Amino acid sequence: MEIQGARVLVSGATGVLGGALARSLAAAGARLVLTGRDDARLQALAADLGGVPAVAADAVDVTALRAVVDTATAALGGLDALVVASGVVAFGPAADADDAVTEELFAVNTLAPMSLVRAALPQLSDGGAVVLLSAIVADAPTLQMAEYSATKAALSAWASVLRRELRGRSLTVLDVKPPHVDTGLVDRALAGSPPRLPEGHDQQALVDTILEGMRAGKREVAYDPKAGELVLR
Ligand SMILES: NC(=O)c1ccc[n+]([C@@H]2O[C@H](COP(=O)([O-])OP(=O)(O)OC[C@H]3O[C@@H](n4cnc5c(N)ncnc54)[C@H](OP(=O)(O)O)[C@@H]3O)[C@@H](O)[C@H]2O)c1
C-alpha cells in the first residue's frame, strides 16, 4: 500500500511503539486518527502531530471500539489501514497465575484487537492493511510468560486465518512479532516481575520495518535471533 495520503487508525497510540508508529506514519504522509486509553497523553500526541483527531477508549469496551472506528471513518472519509499497538504483559509461573489478570491479558491482547479489526473491516479499502502487534513469544512461548505468550499466539493464529479468508480483498494482514524492545512495557506489568530479558532491539528499526512491511504487503515481521535482525516475510 501507499502510505503517503493513507487514512490510518492507530490504536495504542499512547504507548511507546504505538506513538512511534504514529509519528513515523505521519512523517511518511499518512492521515491519522489516534486512539489509546490515557486521554491526556493521547491529546498531547495528537496536538504534537498537528491536531489530528484522537478518541480515548478502553480496549475492553467493545462498544467504545466500534465508536472509535466510526469516528475515524467519518473524520478521514474512509479507512485504508488499522494499526493495533495496544497490549499488556504479566509475569510469573503458569500454575500461580491470577484469574483476573489472565482475563485482562486476553481481553486487551487478544479479544480487543479482534473486535477492533472486525469493526474496521467493512470500512477498510481493498488493498489496505491491518497491522497487529503480537510478539516473538507467539512462536516461542517463554517461561514466566505463559499467559502473555498464549494471548499473542492466539492473536497470531487468528490473524493467519483472517489473512487467508480476506485474500479476495488484497488486504495486507501484517503480524508483527517483535523481540524485546526497551519501551518500559515490562515495568507496567499487570503482575509479577520480568525474567532476565535480552538486550532490547532498536525501536526505530522495528517501526521502519513495519512501515516497509505495509508498503510491500508482507504478512509477518519476525526476528532472526542468530542474525540479530528483523525479517520481513
Ligand atoms: N516492548 C516490547 O518488548 C514488545 C515486544 C513484543 C511485542 N510487544 C507488543 O507491542 C505492543 C506495544 O507495546 P509497547 O512496548 O509500546 O507498550 P506500552 O508502551 O506499554 O503501550 C501499551 C499500549 O497499550 C495500551 N493499553 C493497555 N491496556 C489498555 C486498555 N485496557 N485499553 C486501551 N489501551 C490499553 C496503552 O494505553 P495507555 O498507555 O493509554 O494506558 C498503550 O497505548 C503490545 O501489544 C506489546 O505486547 C512489545
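**Salt bridges up close**

**View 1. Arg233 and Glu220 pair up through their side chains.** Here a salt bridge (a side-chain nitrogen of Lys or Arg within 4 Å of a carboxyl oxygen of Asp or Glu) joins Arg233 to Glu220, with 2.5 Å from N to O. The two sit 13 residues apart, in distant parts of the chain: Glu220 in strand 7 (residues 220-224) and Arg233 in the segment after strand 8 (229-232). Strands are DSSP runs of E with at least two residues, helices are runs of H or I with at least four, and both are numbered from the N terminus. This is a predicted model, where local features need pLDDT of at least 70 and side-chain atom pairs count only at pLDDT 80 or more, while totals for chains, interfaces and linings use all residues. Residues are numbered from 1 along each chain as its sequence is written, and side-chain values use heavy atoms, with hydrogens and water left out.

**View 2. Asp139 meets Lys177.** Their closest N and O atoms are 3.1 Å apart in this salt bridge. Asp139 belongs to the loop between strand 5 (124-133) and helix 5 (146-165), and Lys177 to the loop between strand 6 (172-176) and helix 6 (203-216), so the contact ties together parts 38 residues apart in sequence. Lys177 is buried at 6% relative accessibility, whereas Asp139 is exposed at 52% (buried is under 20% relative accessible area, exposed over 50%, partly exposed in between, with a 1.4 Å probe and protein chains only).

**View 3. Asp139, Asp175, Lys177, Glu220 and Arg233 form a salt-bridge network.** Within it, Glu220 is buried at 11% and Arg233 partly exposed at 42%.
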